[in-house]
Amino acid sequence: MGINFADEKVNIKSTVQFGSKRKITNPVQEEIRKSGLKIPKPEYEKLSVENYMTEEEYKAFSTLPPSQQKRAFEVFKQSPEYKRFKKNLDAQTKIFSKDVTDSVTFFESNMDTAGSDNTRTDNKKRRSNSHEDAESRGYSLRTSNDNSMNISRQEALKTSTESAENAGKQAATAARTGAKTAAQTGAAAGTGGASEVAKAATEAVKKYSDTLKEAAAQSESEPADYETEHSSDIAISKSDMGVIQKITAVIMAFAAALISQLGIVFIPLLIVLAVVIVIVSLLVALISSIAGAVKDASSAQVIAGLYRQLLSDNTISYSDEVKDAAANEKIEDYVNYLMAIMEVESHGIGTDVMQSSESAGLPPNSFKTPQESIAQGSKYFASCVTKASEKECDINTAIQAYNYGTGFIDYVAENGKVYTLDLAIAFAEEKSGGRQVDYKNQIAIDYNGGWRYAYGNMFYVQLVNQYIYNYKNTTVQKIVDEAMKYSGWDYISGGSTPDDGGFDCSGLVQYVYGQAGIDLPRLEKEQFEVCEEIEADKAEPGDLIFYKNETSDGEIGHVAIYLGNGKVFEAGDPVGIYSATDEWHKTNQLHVGRVKGIEDAGSESDD
C-alpha cells in the first residue's frame with residue numbers, strides 16, 4: 001500500500017556506439033527527448049557519452065552491478081553541470097510550451113468562428129489498488145486533453161453555398177495563421193534557446209562521462225566481486241523455486257503414468273524409471289534444503305536496529321565483514337552504526353569504504369582493500385565509543401566524533417555531556433573560523449537552506465541516524481527487529497507466517513507482535529477493536545495505523561506499524577518501509593491505535 005520508501009528508480013535509455021551488450025543510460029539525452037525540444041542533429045550527436053570515453057572505459061562501467069551504476073547516476077544528478085543543464089532545459093521548455101499553447105488557442109478560437117465544436121475532457125485522478133499492481137502504489141495523476149473538432153456533414157449541406165464558402169475561407173485562414181505562428185515558435189525554440197540548452201547539455205555529458213569513468217575506476221575490484229559472491233548464496237528466488245517444483249511434479253507424474261500403463265512387460269524400462277524417480281525425489285529434497293538456505297541467508301543479513309531496506313546493495317554486501325570486524329573490537333552491539341557509517345561515507349563503493357584512512361594517520365583513500373578500511377573504521381569507532389562512555393557522553397557524541405575526531409567528545413563532555421546539533425554546529429564554526437560552504441543534502445536544505453561549515457560535516461549524526469532505529473521500549477524493539485526480517489517479501493493475500501512465503505497486512509502485524517509476546521486477532525478490524533484509540537499526532541513507535549482502501553467501502557481495510565519519524569512498516573507490495581506522509585496514506589488514514597500490553601508505552605525512539 002502507498003508509495004515505496006525506497007530509492008528512486010533509474011529508467012532511462014541511450015544509444016550505444018561501441019556495440020556493448022549492456023547499454024549505458026544517458027539522463028541528459030533522455031531529458032531532452034522527454035521535453036520535446038528540438039536540438040540540431042550535429043549538436044545532439046555530441047551528447048553521447050561514447051564521445052568522451054574510450055571503449056575500455058565504456059565496457060568497464062557497463063559491466064558494473066546495477067546498484068553501482070545507479071549510484072553513479074545519483075552522484076551525477078547532484079553535480080552543478082547537471083543542475084545547470086536542467087535549469088536551462090526547464091526554462092526553455094516553459095517558453096516553448098507557452099508559445100505553442102498561445103498558437104493553439106489562437107488557432108482554435110478562429111476555428112470556433114468557422115463553426116467548429118471544441119470539447120475538452122477534465123483532468124482525472126485515480127489511484128489503483130496497490131495489492132494488485134506494484135507500479136500503481138503511488139498517488140497517480142493522469143490528465144487527458146482530448147480536443148476534437150466535429151463538423152456535421154448534414155448540417156453543412158443544409159447551409160447555403162455562400163455560408164459554406166465563407167466558413168471554409170475562415171477555417172483556411174485560421175489554419176494558415178495557426179500554422180505560421182506554430183512554425184515561428186518552433187523556429188525560435190530551435191535556434192537561440194535550443195543552442196543554449198545544447199551548450200549546457202554538452203558540459204553536463206562531459207561531467208557525466210567523468211563520473212562514469214571514476215565509478216569504474218573505484219570499483220575495479222572488491223565491490224563488484226563481493227556482490228557476485230554474496231548474491232550466489234541466494235541465486236534461487238521464491239518464484240524460481242516454484243517453477244522447479246512444478247517441473248519436478250510433472251516429471252514424477254509422467255513417470256507414474258508410464259509405470260501404470262506399461263505394467264510388467266517392460267521390466268528393464270521400469271527399473272530405469274524407478275531410478276529416475278529416486279533422482280527426482282533427491283532433487284526435491286535438495287530444492288527444499290536450498291529454499292531453507294535461502295531464507296536462512298536472508299535472515300542472516302538482517303541486523304538489529306538497522307533499516308536495511310534503505311541501504312545500498314553494495315553496503316549490504318559487506319555485512320559479514322563488518323560483523324567480524326565489530327567482534328574483533330568487541331563492539332558487536334554497534335554493527336548497525338558501522339553499516340550506517342559505511343553507507344554515509346561511500347555507499348559501499350571503492351576500496352576505502354569507511355573513509356577511515358585518515359583516522360590511521362594516512363592520506364585519504366589510502367587503503368587498497370575494503371577489508372582494511374572496515375577493520376580500521378571499526379577500530380576507530382570503537383575508540384570513539386569507549387572514550388564517549390568514559391566521559392559519560394551518549395552514542396550520538398561517538399558518531400559525530402567519527403567525523404570530527406575524538407576532540408569533539410571532550411567538547412561535549414565540557415558542555416552538558418549530551419550531543420546536540422547546536423553543539424556540532426558550534427564546534428564546526430569554531431574549527432572552520434566561520435567559513436561556510438554549500439551543502440545540498442536534503443537534511444541541510446530543510447535545516448538552513450543548504451550549507452554547512454567548512455569543517456567535517458555538522459549534520460553527520462543526522463545522516464547516520466536516518467538508517468538507525470533504537471527504541472527504549474524493549475517490546476517495540478523486538479517487534480520492529482522481527483518485522484525487518486521480512487523486508488522485501490511478497491504481499492500474499494492470507495499470508496500470516498513466514499511459511500506462507502509472504503504476508504498480508506494484518507497477518508504481518510499479528511505475527512510480528514506475536515513473536516514479541518503480544519497476541520492480536522487475525523483481521524485488521526478486530527485488531528483495531530483491541531487497541532486504545534489515540535489522536536494521530538500522539539502516535540509513537542509500536543502504535544498501529546488503520547486505513548481504508550479501494551475495496552473496504554470506507555471502512556478499515558489496511559493496517560501498518562508506526563516506526564516513528566514519518567515511517568510505517570507494512571505489507572505493501574512488497575513488505576517493507578513506507579512513508580506515512582505520502583498522499584495515499586494521508587488520504588486514507590482512519591484511526592491510530594495503541595496496542596494494549598506494550599510496556600513503557602509512550603517511550604520515544606533514540607533516532
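**A tour from a helix crossing to a loop glycine**

The crossing of α13 and α14 is right-handed (the near helix is turned clockwise from the far one by less than a right angle). Helices here are DSSP runs of H or I with at least four residues, strands are E runs of at least two, and both are numbered from the N terminus. This is a predicted model, where local features need pLDDT of at least 70, side-chain atom pairs count only at pLDDT 80 or more, and totals for chains, interfaces and linings use all residues. Residues are numbered from 1 along each chain as its sequence is written, and side-chain values use heavy atoms, without hydrogens and water.

Select 335–346 (α13) and 370–390 (α14): they pack at about 120 degrees, axes 11 Å apart. Axes are lines fitted to C-alpha atoms over the stretch in contact, with angles running from 0 to 180 degrees between N-to-C directions.

Now show the side chains. Tyr337, Leu338, Ile341 and Met342 of α13 meet Ile374, Gly377, Ser378 and Phe381 of α14 (contact means heavy atoms within 4.5 Å).

Phe381 is also your way into the largest nonpolar core, which has 90 residues. Such a core joins buried Ala, Val, Leu, Ile, Met, Phe, Trp, Tyr and Cys through side-chain atoms within 4.5 Å; buried is under 20% relative accessible area (1.4 Å probe, protein chains only). Phe381 and Tyr513 are among its residues with the most contacts inside it. Beyond four places in sequence, Tyr513 touches residues including Ile479, Leu544 and Ile598.

Last stop: Gly566, in the loop between β11 (558–564) and β12 (567–571). Tyr578, Ser579, Ala580 and Thr581 are its contacts beyond four places in sequence.

How values were computed. Buried means under 20% relative accessible area, exposed over 50%, partly exposed in between (1.4 Å probe, protein chains only).
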